[in-house]
Amino acid sequence: MKLDVSVLGTFYRMAREGAGLAAGRLTHMTGVETRVGVTKLNFMRGREIRREFADSTQNVGVRVKLTGAIEGYSVVVFDRENALRIVDTLLDEADSDEFDGMARSATTEVGHIMNSGFIDGWADVLEAVIDVSTPEFVEGASAEPFFGDIDETPAEDDLALLFQSQIETVGTEIGFSHYLFPKRESMARLLERLRTSEGIDYDKLDGFDRMAERGAEEVAETATTLTGIDTSVEIRRLNFVSLEAIPEQIAEEMLVGVAFEFDGLPSGYLLFLFDEESAYEIADAMLPTAVDEDGFGEMRTSAITELGNIMASGFLDGWANVLDTTIDHSPPEFIHDIGAAAVDPVIIQLGESQDFAFVFDTVVMADGKEFDCEVYAIPDEDDLERALNDLDVDRIEDAPTTAEFQELDNV
Amino acid sequence: MKTYGSEPGAPQSVQVGISELAVSDGNDTLRSYGLGSCLAIALYDLESEIGGLAHTMLPDGDSADNSDVKPGKYADTAIRALLRRMVERGASYTTVEAKLAGGSDMFEFESFGDGVGERNVAAARAELEKLGVPIVAEDVGGDYGRTVEFTPESGTLLVKTASSEENEVTEL
């Protein structure tokens with residue numbers, strides 16, 4: 001089973017188109033104004049999907065079985081709260097907090113309409129017929145009731161390709177996730193049909209995930225060593241998105257960041273972004289004496305820049321070890337500006353030669369302290385494909401990690 | 001930019017995301033947030049109070065495959081698409097004016113060459129000149145980000161930056 005960027009591009013269009021139809025139908029049904037938010041293709045391991053469900057509160061979902069051009073399951077999952085809010089809009093019932101018969105059937109109806117929206121969108125893009133079973137209402141606080149009995153659900157270590165879409169509503173928050181679990185054979189047929197180049201083995205995608213894992217671990221370790229704040233990797237995800245979606249998902253607030261370009265196989269860009277409060281706390285934790293400067297003066301700027309520089313080396317070393325290569329990076333560029341503005345120059349540069357990007361998205365956090373660091377690694381697409389093709393999957397396990405902290409003294 | 005189910009009524013603020021463009025009239029504002037090297041192009045016709053805003057990302061759409069489906073992505077095709085939609089809505093081509101904001105260059109990376117922001121500004125100026133649309137004001141370049149808010153009725157383009165200690169607002 002092989003895939004390439006054009007396949008993923010088509011999948012992305014499917015997701016986008018499907019989200020558009022689903023949003024339109026939701027508006028039609030509820031009268032609430034909606035807008036399609038960020039759409040992503042997500043590579044996730046079975047255990048991460050399960051963890052995501054275990055972390056969350058009660059969820060409700062609506063699931064349908066697909067046959068035809070895509071075989072498998074499509075599941076729309078809402079936060080329980082969100083589902084109740086939609087039901088309230090529909091039924092004009094004041095603040096119910098139970099899923100009685102009426103609420104259940106209303107949720108099922110909404111979920112089904114959204115599932116059908118997605119599926120019709122995919123069918124349009126694929127120019128093929130996909131049949132949908134009758135919808136099934138599911139409720140629970142773990143992954144089990146949603147996916148437990150589906151054979152297509154990825155095993156603990158299997159990497160699944162998920163479609164994630166968000167529909168935003170004006171005034172009311174209605175977030176939801178959408179999962180597609182295709183049958184392997186059905187996916188293989190689809191990939192074969194859509195692929196336009198030699199492509200990469202699906203199994204090599206595993207290398208992606210190992211890269212992401214190593215890079216993220218290095219960042220958290222470096223951060224802990226340099227700041228003395230206990231940090232851990234909170235989210236680690238590999239997304240395939242249209243370039244435009246990258247700045248769109250960055251918070252609309254002032255951010256502090258450190259940016260790099262890196263060169264090797266692959267080459268690309270690496271960004272560390274902190275919210276202002278985290279950046280203050282981190283800089284002050286790194287500096288030996290109390291800082292007497294307003295905002296980001298010379299001392300705080302140089303502390304954050306130095307942290308970014310060492311985290312970048314750790315991150316890219318992690319990758320280089322997995323890929324058995326060397327990756328150099330540029331001197332750090334400090335930025336303190338409106339969030340999206342820090343990212344768009346990179347998007348524009350990549351946009352000259354590609355429409356989509358793989359984004360290695362990592363969030364490092366600390367318990368009880370302000371330490372939110374988002375890491376975006378965006379490799380050049382051709383380089384990444386080549387790097388992965390060269391990848392020897394068997395040696396990934398043995399790759400050592402090498403975090404070096406000598407530069408600590410200079411801070 | 002696609003919004004589903006918008007109703008006409010009270011003045012609205014529509015967000016114009018990266019690679020998108022939108023046309024509106026009266027005091028419904030159009031807003032683009034966090035422009036770095038991207039360029040905001042505002043066109044308006046004061047007589048009909050019709051105007052549009054594009055949040056462009058790249059200079060040259062004529063040589064790209066997908067500029068027909070995503071005209072807002074490129075400076076040249078965005079300008080033509082805005083003009084066409086404004087005229088369709090009742091604006092008069094000959095009285096349209098333009099304002100530009102954005103196109104800064106915040107990183108000095110080797111791969112960026114002369115600067116990605118500068119290329120966008122140059123492309124927009126060239127296309128507007130070719131079409132005979134005067135640029136009446138601009139706030140471009142530098143090494144900082146901008147957020148813009150555009151009102152077609154008055155042709156006002158508010159530019160907020162974060163470059164100084166206090167958030168500055170410039171009215172173009």
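Helix H12 of chain A covers residues 381–390, and its buried residues are A:Glu381, A:Asp383, A:Leu384, A:Ala387 and A:Leu388. They fall within an arc of 155° seen down the helix axis, so they line one face of H12(A). This is a predicted model, in which local features need pLDDT of at least 70 and side-chain atom pairs count only at pLDDT 80 or more, while totals for chains, interfaces and linings use all residues. Residues are numbered from 1 along each chain as its sequence is written, chains are lettered from A and ligands numbered from 1 in the order in which they are written, and side-chain values use heavy atoms, with hydrogens and water left out.

**Helix H12 of chain A**
- A:Asp382 and A:Asp390 are exposed on the other side of H12(A).
- Buried means under 20% relative accessible area, exposed over 50%, and partly exposed in between (1.4 Å probe, protein chains only).
- The arc is that of the directions from the helix axis to the C-beta atoms.
- An α-helix has 3.6 residues a turn, so residues three or four places apart point the same way.

**A:Ile378**
- A:Ile378 sits in strand S16, residues 373–379 of chain A.
- A:Ile378 has 0% relative accessibility and counts as buried.
- Beyond its neighbours within four places in sequence, A:Ile378 is in contact with residues including A:Ile246, A:Phe262, A:Tyr269, A:Leu350 and A:Phe358.
- Contact means heavy atoms within 4.5 Å.
- A:Ala106 is 272 residues from A:Ile378 in sequence, and their C-alpha atoms are 42 Å apart.

**Chain A as a whole**
- Chain A has 12 helices and 16 strands.
- Its radius of gyration is 22 Å, close to the 22 Å of the globule rule for 411 residues, so chain A is as compact as a globular protein of that length.
- That radius is taken over C-alpha atoms, and the rule is 2.2 Å times the number of residues to the power 0.38.
- Helices (H or I, at least four residues) and strands (E, at least two) are DSSP runs, numbered from the N terminus.
- Buried residues make up 59% of chain A.
- Of the contacts in chain A with a separation of 6 or more, 78% join residues 24 or more positions apart.

**Chain B**
- Chain B holds two helices and 11 strands.
- Its pattern along the sequence is β-β-β-β-β-β-α-β-α-β-β-β-β.
- The C-alpha trace of chain B spans about 45 × 40 × 30 Å along its principal axes.
- Buried residues make up 54% of chain B.
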